[in-house]
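I opened this notebook to record what I looked up in one structure, entry by entry.

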Amino acid sequence: MARALELAARGLFTTMPNPRVGCVLVRDGAILGEGFHAIAGGPHAEVEALRSAGGQARGATAYVTLEPCSHFGRTPPCADTLVEAGVTRVVVAMQDPNPKVSGRGFDRLRAAGVDVASGLLEAEAIELNLGFISRMTRGRPWVRLKVAASLDGRTALANRVSQWITGEAARADAHRWRARSCAVLTGIGTVREDDPRLTVRAIDTPRQPLPVVIDSKLELLPAAKLLDVGRALVYCAVQRDTASRALRARGAEVVAIPNAAGKVDLPAMLDDLGRRGINEVLVETGARLNGSLLREGCVDELLAYIAPSVLGERSLGMFDLPAMDALAARSALRFTDVVRIGDDLRLMARVERLPGPFSGS
């Protein structure tokens, strides 16, 4: 199963909106074939493993990181394919959260006389597909908020200069998180100040994430660099036909989702992204939007790069939040990983929520 998870991770940058899945076929202690799902519409991991086995799968055990599918989508059901190949045992890391599959793949296998076991390295399988699980169970993507800050939690000087607080290695690592994301989200303030591209450049990747901009007043200029990729999603709170037409001419889609305060309805925006098949979102923006997303329950995970420097209290912070009267009002986080990247530290922390099998907690 550990090998199947390694294989699944090869699709880290490419499988969206599908999950990352790996499969290993074994008989008498020998690996017969292995495969992984590489791209939506392409062969599933089980099919690739069977092809690799070259017809030797009869009587074999299949180790699969996700429950084999049981429905006709872009490809036939993998549960049926395993049965037809003569596989006699299937060991699965986790049940598929997709309601079209969940438990039905197991049922089809067992009905055909296949021995089925599940739960082996389940936690690792969940981590690999947090975004897919989130979309299937909550209808919204997994939101990972990235910040680069000094040791005293400052993201920029008072004059808004921020390049570069962290080192080259940390910046390259951040591009890996961009590459695995379906979308990179920012705010109009960041676009005005930095004119970011939001593309993956520090590492090789076969695809670029979708640029997403929160722009309540629809002030995004058609010359913005993030529009150079030829596609983007702009969420606003007003209808401005002339501005919309100019952005659409640059390949952007404009979606108005206002809340009662005349701002973009952030939870509704995440629901819309979920309907579009967006599994993981990486947020790269400023303190104001960071604070709004956190305050409205739209952040699942914090990805923080901390530099060995101090900028002082007059510099800009990570989150613009209202004053609190009690510590009980704070946003509770749980550290999940701390690693050194070059001269900097990378901290991973999850927003604490009610525990559950697909909560990421």
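The entries below concern a predicted model and treat its strands, a sheet and its ring contacts.

**Entry 1: strand β8.** I first looked up how covered β8 (residues 183-187) is, and found 5 of its 5 residues buried. I then sorted the side chains by direction: Ala183, Leu185 and Gly187 point one way, Val184 and Thr186 the other.

**Entry 2: partners of β8.** I found β9 (residues 210-214) running parallel to β8, with 5 bridges between the two. I checked valine 184 in both pairings: it stands opposite proline 211 in β9, and its bridge partner in β12 is leucine 282.

**Entry 3: an open sheet.** I traced 5 strands in the order β2-β1-β3-β4-β5, with mixed pairing. Because β2 (30-36) and β5 (115-118) each have a single partner strand, they stand at the edges, and one side of each lacks a neighbour in the sheet. The twist from one strand to the next averages 15°. I counted 4 bridges between β4 (residues 89-92) and β5, which pair in the parallel sense; in this pairing, arginine 89 stands opposite aspartate 115.

**Entry 4: a helix on the sheet.** I recorded helix α4 (residues 104-111) packing on the sheet, where it touches β4 and β5, and its direction makes about 150° with that of β5.

**Entry 5: rings.** I did find the charged end of arginine 171 over the ring of tryptophan 164, 4.4 Å from the ring centre.

Technical notes
Residues numbered from 1 in each chain as written. Predicted model: local features only at pLDDT ≥ 70, side-chain atom pairs only at ≥ 80, totals over all residues. Heavy atoms only, no water. Buried < 20%, exposed > 50% of the residue type's maximum accessible area, 1.4 Å probe, protein only. Pairing = 2+ DSSP bridges. Lys NZ or Arg CZ within 6 Å of the ring centre and 35° of its normal. Axes fitted to C-alpha atoms, helices over the stretch in contact; angles between N-to-C directions. Contact = heavy atoms within 4.5 Å.
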